[in-house]
Every structure is written in structure tokens, then in C-alpha cells.
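I opened my notebook to look up a few local features.

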Amino acid sequence: TAEDFWVSVNLSTLQLSSDRNLAALERILAHSASQADNVILEVTESALATSADGGVAALNRLKSFGVRIAIDDFGTGFSSLSTLAALPADILKVDRAFLSGLPGDAPAEAMLEGILEVARKLHLAVIAEGIENTGQLDLLRSLGCDMGQGFLLASPSPSPVLVALLASGARLQPPAGMDAAATGA
């Protein structure tokens, strides 16, 4: 159903720091058809680090409309853990760099496990980016990761393909040669 889907929108540093852009977003979110509770605004960790106030004021303004806030590419920027705790975030998107050597990279696995634990303590959902093999997927599942994205789970598709998929009620199929159970499909 429509309640089960959300739309993610990336915000750049310029968009986050522009009063004009924020006012335009607020007008869109205030419209009853926008279903703001099904919108996730994604801001990169580096965009937050380069904003004058860390972008916190802008994010709080936008969050007041009911949107969820995701911190994208987490772990690659310059913000500190104390900054993360102060952000009005709902979702942490762990950068693909933490998965690239997995499974088998003990330091990367320890970092990923630590990030997931911090996220749990802060009541943040987690999306792992860049899942490309079943070993990574199995490890993330064993660590209790909420969600994931990557070529293993689905390839980017043009909007007409996605609209047809959603209209049919079908589920995403695993890439050729992959077992449906391995991908969560």
C-alpha cells in the first residue's frame, strides 16, 4: 500500500543553507497531497559539517512538517558523535566504504558493529549502503541492520519500470544467479 512506501530526497549544502529553498520546501510539505510523513530528506554528513550551524536549524524547520531526516554517507564526513546526537535525525545511512572489505575485514566489521550499536542507542534506523555480495548481506543481518541498499538487492531502474513494478504488486527479483532467500526478496 502507499503507506508502506516513502520518497527520499537529497538536499545539498546550498539547499540546506538557503532560506528561499527552505521556504519552497516548506510550501511543498505543507500541501496536503505531499504526505510529508512518507518523505525522507537525506543530507550528507559533509553537508552538515560545512553549514554555518551544522544545518540543525534548517533540519528542525523541515522536520516540523513530519518528514524524516536521514544522514547520508555516514562515516565519511567530519562530524563527531556528539554532533550526531544533537541532530534531529531518524535514519543513519552507513557509507558503502564500511562494507567494501566485508566479510573478512575484522577492523571494518568492528567499526560497522560499533556504528550499529551507537545508532541503536540513539534510536536511529540504519540503512547500509553498497551491499554487493551475500556475505555482506549475511553479516549485516547477523548484526541486526535494519535496511540495506545496493546492487545485490536491486539495480537502479528507470521510473516507468518502477511504476509498473509497484502497480503489479510484484517484489524485486534478485539479480541473475542469486537466490531469492539470500537477497531478502
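My entries on helices, rings and backbone follow.

I worked on a predicted model, where local features need pLDDT of at least 70, side-chain atom pairs count only at pLDDT 80 or more, and totals for chains, interfaces and linings use all residues. Residues are numbered from 1 along each chain as its sequence is written, and side-chain values use heavy atoms, with hydrogens and water left out.

**Helix pair.** I looked up α2 (residues 19-30) and α4 (residues 56-63), whose axes come within 10 Å and cross at roughly 15°. Helices here are DSSP runs of H or I of at least four residues, and strands are runs of E of at least two, numbered from the N terminus. Axes are lines fitted to C-alpha atoms, for helices over the stretch in contact, and angles run from 0 to 180 degrees between N-to-C directions. I noted that α2 and α4 are therefore roughly parallel (angles under 35 degrees). Which residues make the contact? On α2 I listed D19, L22, A23, L25, E26 and L29, and on α4 A58, R61 and L62 (heavy atoms within 4.5 Å).

**Rings.** I found R68 over the face of W6, at 5.4 Å from the ring centre. This term asks for NZ of Lys or CZ of Arg within 6 Å of the ring centre and within 35 degrees of the ring normal.

**Backbone.** I checked the peptide bond from L102 to P103: it is cis, with omega near -10°. P103 lies in the loop between β4 (91-94) and α6 (106-121). In strand β3 (residues 68-74) I found D73. Phi of D73 is near 55°, a positive value in a residue other than glycine.

Note on methods: Parallel < 35°, antiparallel > 145°, perpendicular 65-115°, else oblique.
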